[in-house]
Amino acid sequence: MTKYFSTRSESVTASAPEAILRGIAPDGGLYTPLDFSGMQLRPAALLDKTAIEIAAEVIGKLLPDFGADEMRALVASAYAGKFETDELTPVVPVGDACVLELFRGPTSAFKDVALSVLPRLIAASRDKLGVTDEIAILTATSGDTGKAALAGFSDVPGTRIAVFYPDGGVSDIQRAQMVTQRGANVSVCAIRGNFDDAQSGVKAIFADDEANGWAAKAGVRLSSANSINLGRLAPQVAYYFKAYVDLVLTGAAALGDEVNFVVPTGNFGDILAGELARRMGLPVGRLVCASNANNVLTDFIRTGRYDRRREFHKTLSPSMDILVSSNLERYLLLASDGDFALVQRLMTELRENGVYEVPAALRETVRRRFCAYCATDAEAIETIGRVWHEQEYLLDPHTAVAWTAMERFRREVGTDAATVVLATASPYKFPHTVLRAIDGETPADGFEAMDRLRALTDVPIPPNLAALRGQKVRFHDCIDRDEMLAYVQRAIAK
Ligand SMILES: *Cc1c(COP(=O)(O)O)cnc(C)c1O
């Protein structure tokens, strides 16, 4: 049985099924593997495999408590027929760069890659552990996780899900995707506040249940679909391997060459998956962390000082509007070679003072592996327009932040290695912004913007988004952060 450690204590451990069911560790830490010696995977062994087979291999290595056959069946049923292409996450050349399209799933966001698999990992974990309680998923979303999680869990037996999103903090289309979600086991609620408020509210609910045990009394177990869940992280590692294989097969890289990845980052989940891929043996060069005006990670990677005491900006890339990047905690444990006391101290400082500074050796480790750049809304808009007019490729605002970072990275670091930009959303999830960027137009309505964008570019609208129009709104609730606990307790009592 493989052990996963809470980032905050060496003595708080779990097996993979336990970690996946719990979501967060009882001490507030995040479950993380530390010893990767049994998880090595050679890209050469993956060259003749399909995307689904690669995913099963990678996830199976990271979560070996699941048998190989079991994992293959689980992954195949999670993905088969749900993505626009059997490649799942295709790499497309754009100019002299490569774009890894992570948005070809059922809700047009990269979170589909993980959230198609997570419900099945949770169901399998429940069976393995002989748990009969219903699993209640609580999720804070900055826009994309919510819909992808709702779609993944909708009517999955033995589960229910509640999603909280910041009121006014998501796009029209994202909101429409969530509030029209079908399924008897789903609920969706707006929070007056920003994403961090929603996320800290969810964490407080977990803490309250840990202390008072009300969920168990109702025959329910709380868990999370946020990227704090180990089962969310593992499927994301797979597309780094898949992208590498694609580069080798197309001749853009030779086996063994290092490849750089530019990752639009919020909670540090997607980019941490790249670090896990590196620890599993993938030749990852630099991981380039791309942020919007909420550039707390840019400063951290450059200086070693994490300081959340700054203005929160609502930007045109809302899924990255985050000042507390939860998954960085996992990286701190990995990069410090398992210094639990250090992580515990830094997290206490962050909670109490809003700031911490890592020791010099750790700062240098971070700098060797990562680069960081941030882009303003105006820069992202300029990039969307320019890349469309020069390359006829449509970037969404998050991917535009990454593209801008890629350009700076190339200018400043002058790398010869192949560089892959992770594209995390369909441009049609943010049609207002994209339309404004390429044509200066701003129709009032999101669907009108979609149509205009389609007419101007001929880029097809993903079917799931086209189908949203006219669907019935099922959820109207909007509450304060401190009402979240009562809301969940009421939902569970039903
Ligand atoms: C969630 C999200 C991100 C950021 O991913 P993290 O794992 O939070 O770093 C970037 N772009 C889009 C479109 C997203 O939905």
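Let me start with K111, where an N or O atom of the side chain lies 2.5 Å from an oxygen atom of the ligand, a polar contact in the sense of a pair of N or O atoms within 3.5 Å. Please keep in mind that this is a predicted model, in which local features need pLDDT of at least 70 and side-chain atom pairs count only at pLDDT 80 or more, while totals for chains, interfaces and linings use all residues. Residues are numbered from 1 along each chain as its sequence is written, and side-chain values use heavy atoms, with hydrogens and water left out.

Where does the ligand sit? The ligand sits in the largest cavity, meaning that more than half of its atoms lie within 2 Å of the grid points of that cavity. A cavity here is a set of points, on a 1 Å grid over the protein atoms alone, where a 1.4 Å probe fits but cannot get out, whereas a pocket is an open set with protein on both sides within 12 Å along at least five of seven lines, and lining residues have an atom within 4 Å of a point.

The largest cavity has a volume of about 250 Å³, and of its 23 lining residues, F110, K111, G266, N267 and S319 lie nearest its centre. Helix 6 (144-153), helix 10 (230-250) and helix 11 (269-279) each give two or more residues to that lining, which divides into seven nonpolar, twelve polar and four charged residues.

The second largest cavity has a volume of about 80 Å³, and helix 10 gives the most to its lining, with four residues.

Turning to the largest pocket, about 980 Å³ of space lies in it, and its lining of 36 residues has R8, I24, G28, K203 and A204 nearest the centre. Helix 8 supplies the largest share of that lining, nine residues.

Notes
A polar contact is a pair of N or O atoms within 3.5 Å; within protein, one must be able to donate a hydrogen and the other to accept it, and residues adjacent in sequence count only if both atoms are side-chain atoms. Grid points are joined across faces, edges and corners, and a volume is the space filled by probe spheres set on the points. Ala, Val, Leu, Ile, Met, Phe, Trp, Tyr, Cys and Pro count as nonpolar, Asp, Glu, Lys and Arg as charged, and the others, Gly among them, as polar.
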